[in-house]
Each structure stands twice: as C-alpha cells, then as structure tokens.
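Colleague: I would like to learn how to read the helices and contacts of a model. Please take me through one.

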Amino acid sequence: MLSFILRRLVIAIPTIILISVFVFTLQKLLPGDPVLAMAGEERDPQVLEFLREKYRLNDPIPVQYFTWIGNALTGDLGISLRTNQPVLELIGQKLPVTIQLATMAMIFAMVIGIPAGIFSAVKKGTVTDYVANVVALSGLSIPNFWLGIMLILLVSVKWKLLPASGYVPLSEDPIRSITVMLMPAFVLGTALAATLMRHTRSAMLSVMSSDYVRTARAKGLVERKVILKHAFRNALTPIVTLTALLFGELIAGAVLTEQIFTIPGFGKLVVDAVFNRDYAVVQGIVLVTAVGFIFMNLLADVAYVLLNPRLRKQ
Amino acid sequence: MAQPATPITIDAESAADPVLSARPENRVWKKFRNHRSAMLGGVLVVSFCAIALLAPILPIPDPFATDWGAVRKAPSAAHWLGTDELGRDVLSRLIWGAQASLLAGVVSVAIALGLGVPLGIIAGYFGGWTDAVISRCTEALLAAPFLILAIALAAFLGPSLTNAMIAIGISATPVFIRLTRGQVLSVAAEDYVESARAIGLSTPRILRRYIFPNVLPPVLVQATLTVATAIIAEASLSFLGLGQQPPSPSWGSMLNTAKNFLNQAPWMALWPGIAIFMVVLGFNLLGDGLRDALDPREH
C-alpha cells in the first residue's frame with residue numbers, strides 16, 4: 001500500500017508543477033504594470049524602481065517563476081494587497097469555516113442521495129424510480145445560489161425559522177454554529193445529493209444483476225438482507241471513491257453559497273480577492289485548491305484499493 | 001483440426017424488428033424520439049431558443065426603459081411578471097436575458113470543443129511525447145475545480161460577457177480533451193483504421209474520414225450536458241458581477257440585484273431562477289436522452 005501511495009504521489013508531481021506554471025502565467029498575462037497597482041497614488045520613479053527590485057520584477061521571467069515557486073514551497077504565497085496579511089495565513093483562517101460547511105453538505109447529500117439511489121434501483125422501472133430520477137435531475141439543474149435565495153425568502157424572511165446569514169465558530173457555540181449552517185449546507189448539498197443518487201442507482205443496478213446476488217436470493221435470503229448485505233456492500237466502492245472526489249467540488253461550490261449566506265469562508269475570500277484585485281490571494285487560492293484536489297484524488301484512489309479486496313492483494 | 005466456422009444466422013424475430021434492422025442513424029433517431037424525457041428536454045430547449053431569437057419582434061416593453069412610477073410593482077396585467085427596482089419590465093428583461101444565457105452556453109461549449117477536440121485527437125492519435133504533454137496539461141487544468149478556475153480566469157480577463165464565455169470555455173476544455181483522447185485511442189485500434197493506414201491513406205484523411213466521425217457521438221452528448229453547466233456557470237459569474245454587466249439583462253445579474261429586494265419584491269428573484277432551472281433541465285434531459293439513444297448496450 002505504501003509503495004502504491006508513493007507511486008501516486010510521484011505521478012502527482014508533474015501535475016502540481018504544471019498547475020504552478022499556469023497560476024504564475026495568469027499573473028503575467030495581466031494587462032498593465034503590477035508595480036503601478038501596488039504603488040497606488042505613488043508615482044515617484046525611485047519608489048517604483050524600489051518595488052520592482054523588492055519583488056524581483058526586473059529578473060527574467062523564468063527566474064521570477066523559480067523565485068515564486070521556491071517561496072511557495074516554503075509556505076510563502078505572498079502578501080494580500082488589501083489586508084497586508086500573508087496569503088497562506090488568510091487561507092488558513094478561512095478554510096476551516098468552508099470545511100465545516102462542506103462536511104455538513106456532504107452529510108446532507110449522503111443521507112438523501114444514497115438511500116434514494118438504493119430505493120430507485122430496487123424499484124427500477126416503477127413510478128417511484130421515475131420520480132426519483134426526475135427529482136435528481138431537477139436537483140442537478142437548480143442553480144444553488146437561486147435555491148439559497150428562495151430558502152432565505154421562505155425559511156428566514158417569511159417563516160422566521162432559521163437565520164438568513166452569519167457564522168458562529170464551532171468552538172464558540174456548537175449548537176448555534178450547526179443551526180446557522182443548516183440552510184447553507186442543504187443548499188450546497190442538493191446537487192451533490194442528486195449526483196450521489198444517480199451514481200448509487202447505477203452502481204446498485206450493475207451489482208444487482210450479478211451472479212452472487214442471484215445466488216443470495218436463490219438461498220432464500222430475505223430481500224432486505226440481499227440488498228443491504230450483498231448488493232449495497234459491493235456497490236459501495238465506486239460511491240466512496242466518488243464521495244472523496246466530490247468533496248473537492250464542494251469546496252469550489254461553496255463560493256456562491258458563502259456569498260449568499262455571508263459566511264466568512266474560503267469562497268467569500270475568493271470573491272473579495274477578485275473584486276479587490278488582490279491577485280496574490282487569487283493565485284494562492286487556485287494553487288491551494290488544486291493541490292487539495294489532487295490530495296482528494298489520491299485519497300479516493302487509496303479508498304478504492306482499500307475497499308476492493310482484489311486490488312488490495314495486487 | 002480446424003473448427004468449422006459458426007454460421008451467422010438471423011432469426012426471424014430480429015429480422016422483423018424494425019429497430020434492429022434499421023440503419024444506425026435511423027435506429028438512434030427512433031430511440032431518441034421514443035425517449036419521452038429527452039423529447040421534453042428538446043421542447044424546453046427549442047422553446048427557449050425561439051423566445052431568445054424572437055425577442056426583437058415580440059410585443060414586449062423595452063428591457064432598458066425605466067419607469068419611476070412603476071418601481072418594484074407586483075405582477076399585473078400591465079407587467080405580467082412585475083417590475084424591477086428601476087421600474088423595468090421583468091418579463092422583457094427575462095426574454096432578452098435568455099439571449100445572454102443561451103449565447104454564453106453555446107459559445108463557451110464551442111470554445112471548449114474547438115480547443116478540446118483537436119487537442120484530444122492529436123494526443124490520442126499521435127501518442128508519445130505529444131500525448132504526454134497534452135495529457136499532463138489536461139490533468140493540471142482538471143485539478144483546479146471548474147468554478148474556481150472560471151472565476152479566476154474571469155477575474156484576470158476582466159468582467160464582461162465575452163470574457164466570461166472565454167473563461168468558461170477554457171475551464172471546460174480539459175473534459176473534452178480527455179474524452180476525445182480516450183475515444184481516439186479506442187477507435188485508432190480498430191481494424192478499419194489499420195486497413196486505411198495499410199492502403200496508404202494520408203493521416204489527415206484518416207482523421208477526417210474514420211476517426212472524427214466515430215469520436216463525435218460521445219462528444220456530442222458531453223457537449224449537450226456541458227451547455228447546461230456553462231449556463232449555470234455564466235449565471236454564477238453574472239451573479240458575482242463577473243459576467244454580463246448592467247444595464248444589459250442576464251438571468252444571473254437579475255438575481256444579483258433581486259437578492260437585495262427579497263422582502264419587497266420577491267418576484268424579481270423568482271422568475272430568473274425558474275428560467276435558469278428550466279433551460280438547464282432541458283439540456284440535461286436532452287443530454288441524458290442522447291446518451292441513451294447512442295449507447296449500443298441499450299439496443
């Protein structure tokens with residue numbers, strides 16, 4: 001297993017290098033002189049030259065890249081133009097908020113999507129299956145920011161059941177923290193529940209036509225046991241893999257959800273950075289998200305091997 | 001001793017079955033036509049396209065005309081879907097906004113197809129270093145989540161509908177490269193491609209005559225589904241202020257404004273969302289139906 005993980009890590013290295021080149025190139029494609037943006041109103045040539053020297057902008061572009069990536073490897077992703085804070089520190093402050101939101105959304109998605117998928121597969125071809133499919137496709141087609149707005153209108157403005165916005169740290173007041181996050185997590189988890197439902201249904205259908213399920217039925221096992229113990233357990237492998245992969249997508253999906261519910265997380269940081277032309281933060285976020293995504297891919301691969309005894313033996 | 005060849009027999013039932021005996025194109029069309037949800041998707045998509053195209057000749061008010069005497073008016077006979085914060089007719093802006101959303105969906109996917117399919121064909125057919133370089137770049141782009149990449153690109157390019165379409169198109173390209181490459185790898189190993197090479201056909205001719213037509217069906221399905229994703233992405237970027245700029249109407253920017261008036265004018269938020277939902281559902285149903293119709297296992 002260790003050699004498998006190491007091999008996957010080695011394969012990930014060129015991808016990470018290419019991402020870093022891409023992120024660095026983004027900044028270089030920007031129109032205008034970055035020093036003028038940094039200097040603000042200051043137009044003294046000496047100050048501009050000092051800034052160029054300070055940020056090594058007079059160096060050839062490949063040298064600039066190696067300086068930047070060297071710094072990034074030591075955790076220095078630059079300084080935010082707006083808050084003057086190190087980019088990594090900013091990301092470190094906001095990420096736990098988004099991870100809490102994404103985890104709650106994932107729980108929602110799993111609780112709704114997996115049972116719905118099993119039920120739909122078991123009832124294949126019936127009205128229940130058809131309705132479940134239509135609901136799942138609708139879940140995939142609803143823009144989550146609109147769903148958020150509509151829920152705020154109904155649940156918060158009209159019925160006054162849940163707060164429309166805000167954030168309470170989990171460490172401060174766990175109950176209130178979870179209550180405040182309920183609606184955003186539901187909004188973020190909707191599309192994911194639909195995806196999980198469709199994949200669970202498909203995995204269950206392929207497993208349920210296999211010989212061992214037929215054998216289990218022939219032995220006279222009760223249907224519930226056949227479905228849960230024999231079929232679902234074997235259909236679980238692709239579902240777990242998908243769940244790990246989708247967690248990365250959730251972090252990205254949080255951008256709009258956090259914007260609507262005014263949650264001070266990773267997604268809101270992206271939008272604020274974009275509007276403040278804080279490019280060091282945008283670069284840092286793309287780089288960190290991509291590396292995180294690769295890590296989630298690795299976890300998905302490891303989970304796939306761990307859950308599949310045949311692959312484990314290889 | 002050589003085994004006698006198994007005789008190929010066509011049973012009477014198969015021969016009589018019009019679906020099995022028809023030409024592949026007819027069979028696919030027939031399956032697609034019988035796919036009720038796909039037809040519903042098709043109707044939704046065609047209706048929205050017709051509305052968007054007919055916007056200039058429909059008897060609706062000017063989508064830019066403000067009316068300070070009719071600010072945030074609820075739906076009525078004069079304004080079927082109500083008015084917005086500047087007294088503009090919501091229905092009119094919704095109809096004109098369909099142009100922006102559908103255009104963004106189609107143009108973004110055209111960009112992704114234009115870049116992704118040729119690169120995928122080159123990677124899959126030529127292999128070696130070309131394939132290695134293209135595949136690694138594709139993996140790198142796939143590692144960045146779609147929306148984050150689109151937001152970052154739109155931010156760096158500047159806020160406008162054109163730049164949003166470019167950003168979405170570039171972000172969607174890796175999926176098409178990977179899909180096309182995979183298809184080319186399987187098609188290029190087929191006997192008929194080997195035969196084409198053996199009789200000395202030129203590489204561009206093999207690519208045009210044998211590879212491209214066989215790669216097309218799954219790409220077409222993916223393109224239909226990606227239009228749905230691109231429409232949501234455009235609406236998301238416009239919602240964030242990175243897409244269509246005011247006062248030009250787009251469903252995403254209408255929602256962005258509407259969120260500030262939820263209590264006073266909820267209709268401002270209701271209709272653009274329903275429009276996005278319906279058109280995206282249409283493309284998703286159409287894509288699912290196309291996939292089922294083109295899947296040989298479903299025959």
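Modeller: Helices here are DSSP runs of H or I with at least four residues, strands are runs of E with at least two, and both are numbered from the N terminus. This is a predicted model: local features need pLDDT of at least 70, side-chain atom pairs count only at pLDDT 80 or more, and totals for chains, interfaces and linings use all residues. Residues are numbered from 1 along each chain as its sequence is written, while chains are lettered from A and ligands numbered from 1 in the order in which they are written.

Colleague: Which residues in H6(A) are buried?

Modeller: A residue is buried if 20 or more other C-beta atoms lie within 10 Å of its own, exposed if 12 or fewer, and partly exposed in between, with C-beta atoms placed from the backbone. In H6(A) the buried ones are A:Ala132, A:Ala136, A:Gly139, A:Leu140 and A:Ser141. The helix has 15 residues and reaches 21 Å from its first C-alpha to its last, close to the 21 Å expected at 1.5 Å a residue; the expected span is 1.5 Å times one less than the number of residues.

Colleague: How many residues of chain A are in contact with chain B?

Modeller: Contact requires C-beta atoms, placed from the backbone, within 7 Å. By that rule, 38 residues of chain A are in contact with 33 residues of chain B. Helices H1 (2-28), H6 (127-141), H7 (144-158), H10 (223-260), H11 (266-275) and H12 (279-307) of chain A each supply at least two residues of that side of chain A. By class, the side has 30 nonpolar, seven polar and one charged residues. Nonpolar covers Ala, Val, Leu, Ile, Met, Phe, Trp, Tyr, Cys and Pro; charged covers Asp, Glu, Lys and Arg; the others, Gly among them, are polar.

Colleague: How many helices and strands does chain B have?

Modeller: Chain B has twelve helices and zero strands. Its C-alpha trace spans about 95 × 50 × 30 Å along the principal axes. Of its 299 residues, 46% count as buried.

Colleague: Why is H12(B) described as largely enclosed?

Modeller: Because 21 of its 28 residues are buried, H12(B) is largely enclosed by the rest of the structure. This helix, residues 267-294, reaches 41 Å from its first C-alpha to its last, close to the 40 Å expected at 1.5 Å a residue.

Colleague: How should I read the faces of a helix?

Modeller: An α-helix has 3.6 residues a turn, so residues three or four places apart point the same way. In H4(B), B:Ala38, B:Gly41, B:Val45 and B:Phe48 are buried. Seen down the axis of H4(B), the buried residues fall within an arc of 95°, so they line one face of the helix; the arc is that of the directions from the helix axis to the C-beta atoms. On the other side of H4(B), B:Arg36, B:Val46, B:Ala50 and B:Leu54 are exposed.

Colleague: Where is B:Leu44, and which residues does B:Leu44 touch?

Modeller: B:Leu44 lies in helix H4 (residues 36-54) of chain B. With 19 other C-beta atoms within 10 Å, B:Leu44 is partly exposed. Not counting residues up to four places away in sequence, B:Leu44 touches B:Met278, B:Val279, B:Leu281 and B:Gly282.

Notes: Contact = placed C-beta atoms within 7 Å.
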